[in-house]
Amino acid sequence: MHSFNRFPKGWAMKRFKLFLLLAAVTAAAMAAGCSGGGSDEEASAQQGTAGLVTTTLSDPPTCKGPGGVGESTFNHVWVTVTLVRAHISDEADQGDGGWVTLVDLRDQPKQIDLLSASDTQCVLTVLGSTTGLAPGDYQQIRLHLLENDPAPGLAVPQPNACAQASGGGFNCAETTAGELKTLELSSQDKTGIKIPPGRIAGGPIRLEAGKSADINIDFNACRSIVSQGNGKLRLKPTLSAGEVSVQSSISGRVVVRGTASPLPAPATIVVYAEQLGADGVDRVVAEKFADPEDGSFIFCPLAAGTYDLVVAAIDGNGVTYNATVTFGVPVGTDVGSIPLEPEIGDSQAPAAIQGRVTSQSASGPAPIDLSISPLQDASGPGGTDVAVTIPLFGASTGTISTVADPACPAGTACADYVLEVPASNPLAGNYLASGTVYAGPALGPVPYSVDAVAFNGTEPNCSPQNLTTHQIEGGGALEVAAGASVTAETLVFMNCTEVVQP
């Protein structure tokens, strides 16, 4: 088994603090949600309902400046939460009956800076607790935000960090240039941000009679903000959820392959925790920066299950380190050291993939939102190839919106993207408690795929919703080289429903 001795001084204390933090969260929630002595008679009377259900919020701050990944980086991202509800039906609309309230903050809305957590902090905030919920498998969660123009008489946060934002309101972001911009909300967001079954890790959240549960909502601010052509910012929320516990963490340390040494500091080390989606692609569930000095990282809280860890980096000397994939890591694991292989050759810079996406409805251009991801194949369990999502570097545009423009092909809306990626094939290994053995990267060509998913919030708005290209413009395999740029085949989305921009 791995021991804490493989980590830098103080790492064991960080893990101990994690235990204390989550234990304190549970204890505090129990104190807030319970009163009286809690006799055996009272406990017996509650057997027909679930015990204390505590809801927390977390966020991976990988776009926090300076040094954040993405075209747009921010100092702060504030959202104002008013309500969290759950339903046992995955098809229930926001106005249907049968919803249960997990957290009700409508009388005292909670304004939260999603980028205020450190990379070793597990819980960003406790939203609240409740008791008396009916047992069952809850397949859908909706998180409600306060509108930027609430009706008269509705409670608002005091003080309001967004009071000086460009468009006012109660949801906003501060850019690294110090500009405070309102986060525009769509009508769907105002009626609750839906977290469907596919975004609930481990399947439906099971509440059992007489038993407590801790539910965490991961609000990925970095993948949720769209920069519009008019200079405004729009919130296109990317959320996931799951039941968590004190042991719900995965930790490790990133080192130079063949050594026990961290990467030359200060390194930008991006770590993805991924799970296989229904489409056969390893999709990002959570993301982190590892410590830029010693390479240590911790994912917490995570829902029960196993995860594939994908790591890539650029060190303090500007050298790119290619992706390493660790398959099948169970929650509650210290994976030990994850090795990264530096790029070799005349250039040690990332490669760049650029391309275009078009979208249209039956009647003409249809502006849509898209998530763009670079994929590489890695040898997974049983020797089968798995398409894994590769971490992005620099000013990559992983989230884009198409717009109707004269420069677009006739009858379409379009947008261009750039993905900065490692320029070699990945290392890969299946997690073993006794020590993971990583197979060396494949030699020769470095093929990539570009994957695009169209969605409006969590709902698909094109058919098909997902397009992938393995080709460069004009045909041939999509292959990359260090320090060079390649143009991918255009991805053409049809049968789309336009996203109405505020």
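How many bridges join strand S1 to S12, and do they run parallel or antiparallel? I found that 6 bridges join strand S1 (residues 53-58) to S12 and that the two run parallel; strands here are DSSP runs of E with at least two residues, helices are runs of H or I with at least four, both numbered from the N terminus, and two strands pair if DSSP finds at least two bridges between them.

Before going on I noted the ground rules: this is a predicted model, in which local features need pLDDT of at least 70 and side-chain atom pairs count only at pLDDT 80 or more, while totals for chains, interfaces and linings use all residues. I also noted that residues are numbered from 1 along each chain as its sequence is written, and that side-chain values use heavy atoms, with hydrogens and water left out.

**Entry: the chain as a whole**

I counted 3 helices and 35 strands in the protein chain. Of its 502 residues, 53% count as buried, where buried means under 20% relative accessible area, exposed means over 50%, and partly exposed lies in between, with a 1.4 Å probe and protein chains only. I then looked at contacts (heavy atoms within 4.5 Å), and among those with a separation of 6 or more, residues 24 or more positions apart account for 73%.

I returned to strand S12 (residues 213-219), which is largely enclosed by the rest of the structure because 6 of its 7 residues are buried.

The bridge partner of Asn216 in S15 is Gly242.

**Entry: enclosed space**

Rolling a probe the size of a water molecule over the atoms shows where empty space is left. On a 1 Å grid over the protein atoms alone, I took a cavity as a set of points where a 1.4 Å probe fits but cannot get out, and a pocket as an open set with protein on both sides within 12 Å along at least five of seven lines; lining residues have an atom within 4 Å of a point. Grid points are joined across faces, edges and corners, and a volume is the space filled by probe spheres set on the points.

By this rule I count 6 cavities of 30 Å³ or more, and the largest cavity holds about 220 Å³ of space. Of the 24 residues that line it, Ser58, Asp218, Ala286, Pro301 and Leu302 are the closest to its centre. I noted that S12, S15 and S18 each supply at least two residues of this lining. The lining divides into 15 nonpolar, 5 polar and 4 charged residues, with Ala, Val, Leu, Ile, Met, Phe, Trp, Tyr, Cys and Pro taken as nonpolar, Asp, Glu, Lys and Arg as charged, and the others, Gly among them, as polar.

I read a volume of about 1100 Å³ for the largest pocket. It is lined by 35 residues, and those that lie nearest its centre are Gly198, Arg199, Arg283, Val284 and Val453. The elements that give two or more residues to this lining include strand S15 (239-244), strand S18 (281-289) and strand S31 (449-456), and the largest share, 4 residues, comes from S18. I recorded 12 nonpolar, 16 polar and 7 charged residues in the lining of the largest pocket.

**Entry: salt bridges**

A search of the whole structure gave me 8 salt bridges, each a side-chain nitrogen of Lys or Arg within 4 Å of a carboxyl oxygen of Asp or Glu. Which residues form a salt bridge with Arg283? I found Asp279, with the closest N and O atoms 2.5 Å apart, and Asp451, with the closest N and O atoms 2.6 Å apart. The latter pair links distant parts of the chain, with Arg283 in strand S18 and Asp451 in strand S31, 168 residues apart. Both Arg283 and Asp451 are buried, whereas Asp279 is partly exposed at a relative accessible area of 41%.
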